[in-house]
Amino acid sequence: MPPVKDLVRIAALGDLHYSRNAAVGGLQPLFSQITESADILALCGDLTDYGLPEEARALAREMASSLKIPTVAVLGNHDYESGQQQELQKIFADAGVTTLDGDSTELLGIGFAGVKGFAGGFGRRALGPWGEDIIKKFVHEALDEALKLEASLARLRTDRLVVLLHYAPVQQTVEGEPLEIYPFLGCSRLEEPIGRFPVSAVFHGHAHHGRPEGLTAKGVPVYNVSLCLMRTVSPERPFRIVEFEVHPPAHECAPHASGERRVSGDRRSVERI
Ligand SMILES: [Fe+2]
Ligand SMILES: [Fe+2]
């Protein structure tokens, strides 16, 4: 196992939407830049465009040639499109990428819990499990994802906990999208387990035109790291970097980053937690 550092840099990015038509080598400059900038890469779903194994294999080849840091991921709804999500997980695992689906893993002293998540809306306007069976099943899908996330967080023993999702757990980071589709971009039921553990940060994708930053009700930073959004807010470095102090003094291990948070003045989105 690699030695634990005092300061660990996580690069986070989602929605690569790697397709059959992608230019071979097209992502290599991005992966090389990430390798130079961070210690760990967190991928937040929609890695492929149609969930096809051939897309995943081509993406894995690009990763193998230019990405040289540990990578942890969750899948997104696009990765489920062809019903071959398990095959995709295997392809990514063979490429050294840890894909979380209610699982957890520890890298460089940081604990990662991840699920895809699901839709359903936010706050008092969230869809409730009432009426037709199909509505109840829809709502229960989000509840099941939240339960999986809670179980994965409960297994971690690190001081630092990081949550990876594809769907958004808060409304703030989907704002900017058409109001009519907010309920399909995430669900505040995913926020509930995050509030029960000392989570330092949450990363998600899916809302390509949302906002880059938000907070849970308990103040945990939430980062929308959709590639489309990152290219807009930080074109020279189209991914989020968050630096985590590991092994902090006990009094700094409180929920949601009681330590210093700073944003660089060059809009390249470096924060320290
Ligand atoms: Fe996407
Ligand atoms: Fe998506």
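Begin by selecting Gly 186, which sits in the loop between helix 5 (182-185) and helix 6; helices here are DSSP runs of H or I with at least four residues, strands are runs of E with at least two, and both are numbered from the N terminus. What you have open is a predicted model, in which local features need pLDDT of at least 70 and side-chain atom pairs count only at pLDDT 80 or more, while totals for chains, interfaces and linings use all residues. Residues are numbered from 1 along each chain as its sequence is written, and chains are lettered from A and ligands numbered from 1 in the order in which they are written.

Is Gly 186 buried or exposed? Gly 186 is buried, with 32 other C-beta atoms within 10 Å; a residue is called buried if 20 or more other C-beta atoms lie within 10 Å of its own, exposed if 12 or fewer, and partly exposed in between, with C-beta atoms placed from the backbone. Leaving aside neighbours within four places in sequence, the contacts of Gly 186 include Gly 117, Ala 119, Phe 122 and Tyr 167, where contact requires C-beta atoms, placed from the backbone, within 7 Å of each other.

Next, select residues 133-154, which form helix 4 with its 22 residues. The end C-alpha atoms of helix 4 are 31 Å apart, which agrees with the 32 Å that should be spanned at 1.5 Å a residue, the expected span being 1.5 Å times one less than the number of residues. Among the buried residues of helix 4 are Val 139, Ala 142, Glu 145 and Leu 149, and the buried residues of this helix pack against strand 5 (103-107), strand 6 (110-114), strand 7 (160-164) and helix 6 (191-194).

Within helix 4, pick out Ala 142, which is buried with 23 other C-beta atoms within 10 Å. Not counting residues up to four places away in sequence, Ala 142 touches Phe 118, Ala 119, Gly 120, Cys 187 and Arg 189. Lys 116 is 26 residues from Ala 142 along the chain, and their C-alpha atoms are separated by 9.7 Å.

Now move to residues 53-66, which are helix 2, a run of 14 residues that reaches 20 Å from its first C-alpha to its last, close to the 20 Å expected at 1.5 Å a residue. Colour Glu 55, Ala 56, Leu 59, Ala 60, Glu 62 and Met 63, which are buried in helix 2. Seen down the axis of helix 2, the buried residues fall within an arc of 160 degrees, so they line one face of the helix, the arc being that of the directions from the helix axis to the C-beta atoms. What covers them includes helix 1 (28-37), strand 3 (71-74), helix 3 (85-94) and strand 4 (97-99).

Show helix 3 beside helix 2: the two pack at an angle of about 15 degrees, with their axes 9 Å apart, where axes are lines fitted to C-alpha atoms, for helices over the stretch in contact, and angles run from 0 to 180 degrees between N-to-C directions. That makes helix 2 roughly parallel to helix 3, since angles under 35 degrees count as roughly parallel, over 145 as roughly antiparallel, 65 to 115 as roughly perpendicular and the rest as oblique. Where they meet, Pro 53, Ala 56, Arg 57 and Ala 60 of helix 2 face Glu 87, Leu 88, Ile 91 and Phe 92 of helix 3. Then show helix 1, whose axis comes within 9 Å of that of helix 2 and crosses it at roughly 45 degrees; helix 1 and helix 2 are therefore oblique to each other.

For the last stop, select two residues other than glycine with a positive phi, His 17 and Leu 108, each with a value near 50 degrees. His 17 lies in the loop between strand 1 (7-13) and helix 1, and Leu 108 is found in the loop between strand 5 and strand 6. His 17 is buried, with 21 other C-beta atoms within 10 Å, and Leu 108 also counts as buried, with 21 C-beta neighbours inside 10 Å.

Terms used: Contact = placed C-beta atoms within 7 Å.
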